[in-house]
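Subject: Structure handover and notes

Dear colleague,

I am passing on the structure we talked about, together with my notes on what I found in it. Please have the structure open while you read.

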Amino acid sequence: MILTVASGKGGTGKTTVAVNMALSLENVQLLDCDVEEPNSHILLQPKIHETKPVCTKIPEISEELCDYCGKCSKFCAYNALFVAPKTVMVFPELCHSCGGCRLVCPKNAITEKERQIGVIKKGEVKGVEIVYGELNVGEAMAVPLIRAVKKQMKIDKTVLIDAPPGTACSLVASVHKTDYCILVTEPTPFGLYDLKITVQVLKDLGVPMGVVINRAGIGDRKVHEYCEKENIPLLLEIPFDKKIAELYSRGVPFVTEMPEWKEKLRKMRDMIER
Amino acid sequence: MVKEITVLSGKGGTGKTSLTASFAVLTQNSVLTDCDVDAPDLHMLVKPEVLETQEFKASRVAVIDEETCIQCEKCEENCRFGAIEKHVVDPILCEGCGVCAYICPVAAVELEKRVSGVAFISKTKYGPMSHALLNPGEENSGKLVALVRQNAKKVAEKENCEPIINDGPPGIGCPVIASLGGVDMGLIVAEPTMSGIHDMERALGLLNHFKIHSLVCVNKYDINEENTARIVEFCESKGVYVVGKIPFDPIVTEAMVAGKPIVEYAPKIKVSQAIEELWERIFAHI
């Protein structure tokens with residue numbers, strides 16, 4: 001089963017839920033797809049046994065063959081190529097690696113070369129397999145790295161995907177082709193507003209979902225009312241608790257010191273399976 | 001040039017939006033932007049009245065005409081995004097590159113412009129505001145952020161407002177980079193947790209990469225003072241000025257529920273005083 005943990009609003013507790021679930025279930029693989037700011041390894045402290053570079057393809061232009069006709073730059077939908085009378089400039093950060101420039105070049109002057117955008121790291125801790133991506137600082141596009149992390153997926157395990165915040169393409173890439181999405185939110189106006197946008201994305205994608213309310217007790221009851229009205233199951237409430245917050249601040253997953261939560265998280269998984 | 005500052009954090013949920021709204025109250029002559037276009041929240045605190053709405057069309061999507069298609073599958077073979085399956089385009093995966101339309105031997109593929117979101121120019125009781133809403137699941141958030149900032153600059157010049165305060169998105173990728181290009185300063189809102197420290201370091205790395213002057217403030221500093229000390233130490237070692245520390249107070253959530261910036265909702269409390277001092281110091285830097 002492939003479960004994605006997402007939220008819309010940042011800082012609601014996605015990683016907390018993903019990591020504590022990983023430590024409560026058996027035979028888990030955790031994929032941290034928040035490649036801009038991966039945090040699950042900070043809480044889990046895995047032993048890393050493999051680091052692999054992740055590359056995308058960008059065009060390389062042969063000055064010998066190019067006649068500066070400009071067809072490549074005209075074709076490029078992302079403005080990643082600029083052709084001047086005697087030179088061609090490539091802007092790698094803008095390139096989506098579609099390969100179109102190579103196809104349209106009448107002189108076969110374009111080949112593709114690899115360019116590193118980040119790394120993926122694989123590790124293990126307490127029986128949990130973890131794979132996470134780390135986007136190079138200054139790099140704009142997270143989606144190719146998210147796809148690379150997801151390629152490491154082992155479907156014979158319970159796969160937990162820790163998604164990035166937001167409701168744009170990075171979320172779509174993370175949640176695409178997963179069986180179920182756990183939406184972690186907080187009972188505040190910000191939490192609710194961003195939850196609603198995320199619910200729309202999941203409906204468009206046809207992914208079934210349920211909600212976890214984190215820091216329950218703060219804010220108001222509007223998230224509860226919304227879930228009831230929209231018929232979205234409320235899977236679990238994690239109270240606003242000083243001990244949980246304090247453990248998090250130190251980077252300690254709360255189930256390690258509050259083992260009674262393991263059973264609750266296992267029950268949540270059973271509820272999702274049903 | 002109008003001075004411009006971007007509030008960012010790396011990690012989400014550290015308090016960027018609550019701080020930005022308070023800064024607006026304290027300056028009264030700023031232009032606010034919400035650069036978190038796919039999960040915008042600032043409007044809930046500053047209650048903008050929309051004056052102008054613009055459709056944002058930045059991308060295209062491929063559409064295959066069933067009747068013309070001869071099912072040769074060349075488009076599917078050449079699509080790098082896996083967006084074509086059995087002669088049908090999945091608009092969610094399509095990035096609008098146009099390779100399929102180019103490769104199609106019978107011109108069955110058309111690229112249609114798609115509306116990716118809307119941009120707004122508004123007024124609030126604290127000054128003008130430029131913001132937007134990306135359609136759910138869309139890409140091009142970076143381009144929409146660029147449009148939001150462009151609109152803000154126009155308004156700032158027209159109405160003679162300064163500075164522009166950008167409420168940035170979480171992360172360090174595309175939309176964050178778009179909210180930083182050419183700004184005078186980046187203010188990182190850090191939280192004293194292990195994750196918060198890690199993410200702040202990456203956000204600082206990003207500001208450094210683009211050679212943008214950076215300041216750091218620590219929000220909810222008293223939830224773990226040991227970690228706060230670590231943040232201060234780390235910043236000092238990098239020559240980054242820690243411009244203020246704000247205590248934790250559940251009343252900040254109350255203000256959010258009430259839909260008001262904290263410095264307006266409870267001006268006398270410690271949190272609000274800390275924000276006021278923080279803003280004074282930032283303003284002196286601009």
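Helix 7 of chain A and helix 8 of chain A are roughly parallel to each other, a term that applies to angles under 35 degrees, while those over 145 count as roughly antiparallel, 65 to 115 as roughly perpendicular and the rest as oblique. Before I go further, please note that this is a predicted model, in which local features need pLDDT of at least 70 and side-chain atom pairs count only at pLDDT 80 or more, whereas totals for chains, interfaces and linings use all residues. Residues are numbered from 1 along each chain as its sequence is written, and chains are lettered from A and ligands numbered from 1 in the order in which they are written.

The helix pair in chain A

The axes of helix 7 (residues 189–205) of chain A and helix 8 (residues 222–230) of chain A come within 10 Å and cross at roughly 25°. Here axes are lines fitted to C-alpha atoms, for helices over the stretch in contact, and angles run from 0 to 180 degrees between N-to-C directions; helices (H or I, at least four residues) and strands (E, at least two) are DSSP runs numbered from the N terminus. The crossing of helix 7 of chain A with helix 8 of chain A is right-handed, meaning that the near helix is turned clockwise from the far one by less than a right angle, with anticlockwise being left-handed. Helix 7 of chain A contributes A:G191, A:L192, A:L195 and A:V199 to the contact, and helix 8 of chain A contributes A:K222, A:V223, A:Y226 and A:E230, where two residues are in contact if their C-beta atoms, placed from the backbone, lie within 7 Å. By class, the residues of this contact are five nonpolar, one polar and two charged, with Ala, Val, Leu, Ile, Met, Phe, Trp, Tyr, Cys and Pro taken as nonpolar, Asp, Glu, Lys and Arg as charged, and the others, Gly among them, as polar.

The two chains

Chain A has 10 helices and 11 strands, and its C-alpha atoms fill a box of roughly 70 × 45 × 30 Å along the principal axes. Of its 274 residues, 51% count as buried; a residue is buried if 20 or more other C-beta atoms lie within 10 Å of its own, exposed if 12 or fewer, and partly exposed in between, with C-beta atoms placed from the backbone. Helix 1 (residues 14–24) of chain A is mostly covered, with 11 of its 11 residues buried. The domain assignment of chain A gives domain 1 (2–54 + 119–273) and domain 2 (63–108), the bounds coming from an automatic or database domain assignment, and 40 Å separate the C-alpha centres of domain 1 of chain A and domain 2 of chain A.

Chain B has 11 helices and 11 strands, its C-alpha atoms fill a box of roughly 70 × 40 × 35 Å along the principal axes, and 55% of its 286 residues count as buried. Its assignment gives domain 1 (4–56 + 118–285) and domain 2 (66–107), and the C-alpha centres of domain 1 of chain B and domain 2 of chain B lie 41 Å apart.

Where the chains meet

The contact between the chains takes 52 residues from chain B and 50 residues from chain A. On the side of chain B that touches chain A, helix 7 of chain B gives the largest share, eight residues, and by class this side of chain B has 21 nonpolar, 21 polar and 10 charged residues.

Local backbone points

A:N231 has a positive phi of about 60° although it is not a glycine; A:N231 is found in the loop between helix 8 and strand 11 (234–239) of chain A and is exposed, with 6 other C-beta atoms within 10 Å. B:E73, likewise not a glycine, has a positive phi of about 70°; B:E73 is found in the loop between strand 3 (49–64) and helix 3 (74–78) of chain B and is exposed, with 12 other C-beta atoms within 10 Å. The peptide bond from B:E162 to B:P163 is cis, with omega near -5°, and B:P163 is placed in the loop between helix 5 and strand 8 (164–167) of chain B.

Best regards
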